[in-house]
Amino acid sequence: MRPSAASGPTEAGTAFADDVAYYLAQTPRQLPSRYLYDELGSSLFEAICRLPWYHITRTEQRLLHAHAGEIFGRLRSIASVVELGPGSGEKLATLMAARPDHAVTVHLVDVSPAALQKAAAALTASPSLSIVTHQATYEAGLAAIGRHDPAMGRTLVVFLGSNIGNFDPPGVDAFLRSVRAALGEGDALLLGADLVKPEPELLLAYDDPLGVTAAFNRNLLVRVNRELGGDFDVNAFAHRAVWNAQASRIEMHLVSRRRQRVQVRTTGTDITFDDGEPIWTESSYKYRAEDLSPMLSRAGFGVIGQWQERGFALTLAEAR
Ligand code: AVI
């Protein structure tokens with residue numbers, strides 16, 4: 001399952017319907033995690049990032065604050081920075097604060113115009129940055145930006161927040177290869193990845209006592225009902241987070257609380273769920289720090305720096 005979505009509004013609407021029809025018919029039934037982020041879903045995710053049990057955002061922000069100077073110190077002269085999925089833009093602002101005097105072009109790539117606007121606003125305070133937004137998938141955005149003449153300076157691609165964890169392993173390889181293909185030798189990638197930690201800590205992060213993550217998960221059914229004419233009884237599905245140790249991932253599911261029939265008008269879906277039957281909505285892979293270097297090297301990157309805190313790693317890798 002992938003975190004990004006299709007590019008235009010019509011294509012996006014059709015893709016949602018096609019994906020809902022296809023994935024709900026799979027065994028086990030699924031809904032792709034990229035559809036968690038409608039307007040309400042994005043706000044719920046922002047709230048998750050502030051929860052005391054979800055450490056990724058704060059830890060990464062601290063690492064960026066502490067090591068931004070060192071990160072730029074390990075790179076050749078950087079002329080452009082590309083952030084894939086910039087969120088609020090705050091993390092990139094923290095990184096860029098380490099080089100206030102240098103003119104840098106910042107490219108922000110996201111499918112959501114609202115996210116792009118927000119991230120661009122967070123970065124405008126710095127006069128040395130020229131900001132270009134790309135409303136596109138990661139791959140299309142990278143292709144549109146194109147390679148730069150290395151004599152003009154290098155490119156740094158930034159992929160934070162452990163968004164990489166929402167790709168399955170073949171998806172990670174394909175994604176990293178596509179990033180590498182968009183770069184020239186000597187360009188770089190800064191990757192934020194959440195690490196394996198004790199199960200109770202992981203479960204609290206994905207099944208918080210306030211129920212915000214449960215709302216984030218169940219909002220997917222609200223979205224299917226609103227956008228595709230579904231008749232999911234949202235209360236009849238329970239949020240469940242499980243740690244799959246063998247696959248090294250947290251899985252989120254929506255579990256049917258009873259035997260029930262669900263129809264989705266636009267997709268012609270007509271399903272009877274058994275009592276206890278799950279819909280698998282997200283995987284969030286957790287890594288061992290030592291796995292990141294082989295993963296990056298398979299895609300043509302060599303690690304030139306890694307900083308860790310509280311079960312989270314920021315890894316800097318150069319395109320070779
Ligand atoms: C966006 N992504 C990295 C989050 C994660 O941790 O996998 C999404 C999320 N799902 C539940 N809580 C947060």
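Guide: Gladly! A salt bridge is a side-chain nitrogen of Lys or Arg within 4 Å of a carboxyl oxygen of Asp or Glu. In this predicted model, the side chains of Arg-226 and Asp-38 meet in such a bridge, at 3.0 Å from N to O.

Visitor: Which parts of the chain does the pair of Arg-226 and Asp-38 tie together?

Guide: Arg-226 belongs to helix α9 (residues 212-228), while Asp-38 sits in the loop between β1 (29-30) and α2 (39-50), so the bridge joins parts 188 residues apart in sequence.

Visitor: Is Asp-38 buried or exposed?

Guide: Buried means under 20% relative accessible area. Asp-38 has 8% relative accessibility, so Asp-38 counts as buried.

Visitor: How far apart in the chain are Arg-62 and Glu-309?

Guide: They are 247 residues apart, with Arg-62 in helix α3 (residues 56-73) and Glu-309 in strand β12 (residues 301-309). Their closest N and O atoms lie 2.7 Å apart in a salt bridge. Arg-62 is partly exposed at 39%, and Glu-309 is partly exposed at 28%.

Visitor: How many salt bridges, helices and strands are there?

Guide: The whole structure has 19 salt bridges, and the chain has 10 helices and 13 strands. Its radius of gyration is 20 Å, close to the 20 Å that the globule rule gives for 320 residues, so the chain is as compact as a globular protein of that length.

Notes: Residues are numbered from 1 along each chain as its sequence is written. This is a predicted model: local features need pLDDT of at least 70, side-chain atom pairs count only at pLDDT 80 or more; totals for chains, interfaces and linings use all residues. Side-chain values use heavy atoms; hydrogens and water are left out. Helices (H or I, at least four residues) and strands (E, at least two) are DSSP runs, numbered from the N terminus. The radius of gyration is taken over C-alpha atoms; the globule rule is 2.2 Å times the number of residues to the power 0.38. Buried means under 20% relative accessible area, exposed over 50%, partly exposed in between (1.4 Å probe, protein chains only).
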